[in-house]
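Here are my notes on the model, as numbered points. Have the structure open while you go through them.

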Amino acid sequence: MKPISHMRFLLALLSSVLLLAGSVFAYPLLGSTPAAATSASAAGSAGSGSTDAEGNSPDGTTSSGDDVSITLDEVTPWVDEKGTLTVRGTITNPTDQAISNPDLHLAMSTDKLDAGRRIENWKTDQSQNRTIADLEENGPDARKKAKESGEATDPMTTVDADFDDEIAAGSTSEFTISVPAEQLGLRKSSPVSNWGPRGLSVQVGDSTGRLASAVGFSTWYPSPEFDKTKVSMLAPVTLPDHTTDGIIDPDQLEKAIGKGGSLSAIMKVLNTPGIGIALDPRIIASFESALAELPSENDGAGSEETEKPSPEGSESATTGPDAHETDPDANSNDQDSADGLSAEEAEADAEQRKLLDAWYHDFLEEAESHTVIALPYGDPDQASLVDSDLKSLGAFAQKQRSLVTDVLPEAKTDIAWPIAGSAQRDQLKDFAEAGDETVILSNAQQPSLSGVHDDAHSTTRIGSDGQSSINTLISDSALAQQSAQIIGSPHPASGISELVATTAAIQAESPYRTRHLLLPMPRTAASVNWEKTVEAVADAPWVDPSGVDELLATDVAPRGLLQPPKDPKSIGTKAVASLAQTRATQKEFNSVFSDPGSANTRLDRELLSCTSVAWTLGGNAKRCADDAQAANEKMRNSIYLEKGSSVLLVTGEETTIPVTIVNDSPADATMSIRMKAKTPQLRAEPTETVVVPAQETMRVDVPVEGIANADVPTTIEMIAADDFVLPNSETLLVRVRADWENIGTAVVGLGLTAVFVIGLIKTISRGRRKIPEQQLADAMARAKNDESESR
């Protein structure tokens, strides 16, 4: 056997170590994957809705996503002596085990739940129930036997389900339970004493016991005679979303007015008499911008101006910084429209305008018959703006209410609506100083003095002197919270039945006393559940839907002192600081635009979209602030200079250096160019002020003069009208040299002259005869003799 070499031994040992290490590290990674997926699934389930102590979610279900569950899709909210209670829903069995011989029955609380606390208590303790319908006793087979035996009653209680002897694993089954009023076992005599809400519990089980349940409510109403409770419902009309110019894109508007859209839902809500509207000016500005007519290519110079002006500073997203780049040769197509659209795109654009125009004018016409409250622009969190560096932004938002009164002159512009439970006394004073006469508060901050629900119209002090006060409209926190849960639920039937039951419990507190309550809808975009919620409350026979105008006209009811907010919702300090910094930086930059006022309006509208109540309550204000910061950073980088190569310049000559300005922003820019030399060998003068059109490039010539030989580094700056230097400067190397052309000519001339002189000298030297030495000596001797004789 050959001995193993040291090298082979080390390689084998290393391989073994690596294999062991790989298995050690791979095991926890592989083992963690299912757990992570389970955690993510659990997080998703948790995010779908909250549950109470018994696991009841807003839609009435009581089990987790891995267990058998019941979802209620219909619950009759109230039943009179001639009516029928109907409960319809779905049973879901996600397990891998079938439910054999399932038992399905409907139970009702034995006592009426004529107070809010009793409703809450029953949801967590359903021991006091009685069965009013059962699959075994009231199913198809039982009803058939009863008819055959002659024991059937008319009308009959029916329980129908699309399963027979079992509910298969992984299946979903539907059921419908109907109980005529006379089969409910409720008294018709003494209607005032016997009427009121009852709890309903749908339960499914097998031989092992109950597997799942779902709760709802229905109010027994045997035509009692008492005063009705007036309820003013207030529906915010807004589309919370961040856009780079504060204007909602026409495509988003088209989607919102389409089937299932939030604005489409608003129009259906307005079918209910008495419903009030809290209108966001952003809706008006966006429609006006989308419907603004573009000038036709065939319009003559002398034709009348038919363009409908858009609100100041507003632009659609098609012209904003996020607009898609278009083909520069698009206009060369004879079939294209004047704005670069193809024939098909132009037709689609015209159709979109037609749809938006029709909805917008229908909405304005319908709104005229309702109380309209003009919100500040973007429906911002007013309390947070008042107490921050964005107070001036809040003042701008309030001024934008005029957009609403321009189209709806009767709209109210003197009502403030801070987030429920967030208002401080000094903030109320700020609202009053800004011109607001009324503030919408919650009964958690201004509670009732009588122990029951009082009228919503009241007053509260805003100064320490006890003399100054402001009107208040007090919303019912229980009704508001329940309506918010309904809006966010995919199965609202159970929640709607509880909301109606709560209004019945409020009526039962003082049946012979007329009260006027305020029920605001959630501060978010409307959904299909809004219509169901508003209709259910308005249709309750003990409710009298009334307008906000009527509520404001009622006598002031005394209430408790304003309570300080407890953990109020507000915009985070980091978000506020980010928005304030973005606003300050961008406003300084906006001085470069030919119309800085419009640019500042676009900026403020954009930032207000990040301060909306919907963003604050959703905890997304910081993310929106980051988006706004990034968008405005992009805007500041949209005006820049093209990078140029070094330039050779001659001393003593006045000339120009070309500079190219690129304006990719959505607005014209006005500026001059300044070249700053770092050494004195170059002198440069500022250019004349130029206007660079939006989405265009312009060449500007900078006057310069070379003074002396040097390589001169320079900085080229764009200067706004107020001497603000734009951030995107460029550097350029200018090589300053002497007048090489003249010097070269002189050098060549001197060289030729030198050659001529040298040649001449040589020529003269060659033309002179050389005298022999002897002759020269004789000549010299004769000269001396002649000189001596003359003496």
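1. Is helix 8 (residues 281–291) largely enclosed by the rest of the structure or left open? All 11 of its 11 residues are buried, so the helix is largely enclosed. Buried here means under 20% relative accessible area, exposed means over 50%, and partly exposed is in between (1.4 Å probe, protein chains only). Among the buried residues are R282 and E288, along with I283, I284 and F287. Helices (H or I, at least four residues) and strands (E, at least two) are DSSP runs, numbered from the N terminus.

2. Before you go further: this is a predicted model, in which local features need pLDDT of at least 70 and side-chain atom pairs count only at pLDDT 80 or more, while totals for chains, interfaces and linings use all residues. Residues are numbered from 1 along each chain as its sequence is written, and side-chain values use heavy atoms, with hydrogens and water left out.

3. Now the disulfide, meaning a pair of cysteine sulfur atoms within 2.5 Å. A search of the whole structure turns up 1. C610 and C624 form it, with their sulfur atoms 2.1 Å apart. The torsion about the S-S bond is about -75°, so this disulfide is left-handed. C610 sits in the loop between helix 19 (596–608) and helix 20 (613–618), and C624 in helix 21 (residues 621–636), so the pair ties together parts that are 14 residues apart in sequence. Both C610 and C624 are buried.

4. Salt bridges next (a side-chain nitrogen of Lys or Arg within 4 Å of a carboxyl oxygen of Asp or Glu). The structure holds 24 of them. R513 and D454 meet in one at 2.8 Å, N to O. R513 is in the loop between helix 15 (493–509) and strand 19 (516–520), D454 in the loop between strand 16 (438–442) and strand 17 (457–461), so parts 59 residues apart in sequence are tied together. R513 counts as partly exposed at 33% relative accessibility, whereas D454 counts as buried at 7%.

5. D604 and R583 form another salt bridge, their closest N and O atoms being 2.8 Å apart. D604 lies in helix 19 and R583 in helix 18 (residues 573–589), so the pair ties together parts that are 21 residues apart in sequence. D604 is buried at 4% relative accessibility, and R583 is buried at 12%.

6. The D711–R735 salt bridge (3.3 Å, N to O) is worth a look too. This pair links distant parts of the chain, with D711 in strand 28 and R735 in strand 29 (residues 730–737), 24 residues apart. D711 is partly exposed, with a relative accessible area of 38%, and R735 is partly exposed at 32%.

7. A few backbone spots to check. The peptide bond from D154 to P155 is cis, with omega near 0°, and P155 is in the loop between helix 4 (140–149) and strand 7. D379, not a glycine, has a positive phi near 50°. D379 is in the loop between strand 14 (372–374) and helix 10 (382–386) and is buried at 3% relative accessibility. Q695 is also not a glycine and has a positive phi of about 60°. Q695 belongs to the loop between strand 26 (690–692) and strand 27 and is partly exposed, with a relative accessible area of 49%.
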